Amino acid sequence: QVQLVESGGGLVQAGGSLRLSCAASGRTFSSNAMGWFRQAPGKEREFVASISWSGVNTYYTGSVKGRFTISRDNAKNTVYLQMNNLKPEDTAVYYCAASFGSSATKAKGDFGSWGQGTQVTVSS
């Protein structure tokens with residue numbers, strides 16, 4: 001029910017920062033938990049972070065905890081992923097996703113809408 005478009009990806013050196021944005025359209029955006037996933041070539045799409053509809057509750061995968069921050073601005077229909085201290089291992093296509101529910105979740109199956117992805121490349 002929600003359409004998602006990611007932006008903000010690019011090439012950055014290790015230790016640098018990027019902020020990904022996900023612009024959402026749809027009447028139910030404010031009530032949906034949102035998440036970020038990433039997929040590197042030859043690997044499965046993996047969970048990165050998620051945020052509840054209120055923005056109060058967040059989940060992070062262990063490899064990004066302390067470096068990445070997910071946030072949302074429901075008034076702007078946008079969710080963000082601030083990525084700091086980037087590492088080459090973070091290189092992947094990053095996808096924004098909208099959950100079926102309002103609670104933050106890390107389960108891929110709980111997300112029903114997906115963006116097209118934005119490439120993040122971290123050089124050594």
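Two strands are taken to pair if DSSP finds at least two bridges between them, and the strands themselves (E, at least two residues) are DSSP runs numbered from the N terminus. The structure described here is a predicted model, in which local features need pLDDT of at least 70 and side-chain atom pairs count only at pLDDT 80 or more, while totals for chains, interfaces and linings use all residues. Residues are numbered from 1 along each chain as its sequence is written, and side-chain values use heavy atoms, with hydrogens and water left out.

**Strand 5 and its partners**

Three bridges join strand 5 to strand 6 (residues 58–60), and these two strands run antiparallel. Strand 5 also pairs with strand 4 (residues 34–39), again in the antiparallel sense, over five bridges. Strand 5 (residues 46–51) is largely enclosed by the rest of the structure, because five of its six residues are buried, where buried means under 20% relative accessible area with a 1.4 Å probe and protein chains only.

| Hairpin | Residues between the strands | Glycine and phi |
|---|---|---|
| Strand 4 and strand 5 | six residues | G42, about 80° |
| Strand 5 and strand 6 | six residues | G55, near 85° |

**The disulfide**

A search of the whole structure finds one disulfide, the term being used for a pair of cysteine sulfur atoms within 2.5 Å. This disulfide joins C22 to C96, with an S to S distance of 2.1 Å. Because C22 lies in strand 3 (residues 18–25) and C96 in strand 9 (residues 92–99), the pair ties together parts that are 74 residues apart in sequence. The torsion about the S-S bond of C22 and C96 is about -85°, so the disulfide is left-handed. C22 counts as buried at 0% relative accessibility, and C96 is likewise buried, with a relative accessible area of 0%.

**T78 in strand 8**

T78 is placed in strand 8 (residues 78–83), and this residue is buried, with a relative accessible area of 10%. The side chain of T78 reaches the backbone oxygen of K76 at 2.9 Å.

Terms used
Helix = DSSP H or I, 4+ residues; strand = E, 2+ residues; numbered from the N terminus. Buried < 20%, exposed > 50% of the residue type's maximum accessible area, 1.4 Å probe, protein only. Polar contact = N/O pair within 3.5 Å; in protein donor to acceptor, adjacent residues only side chain to side chain.
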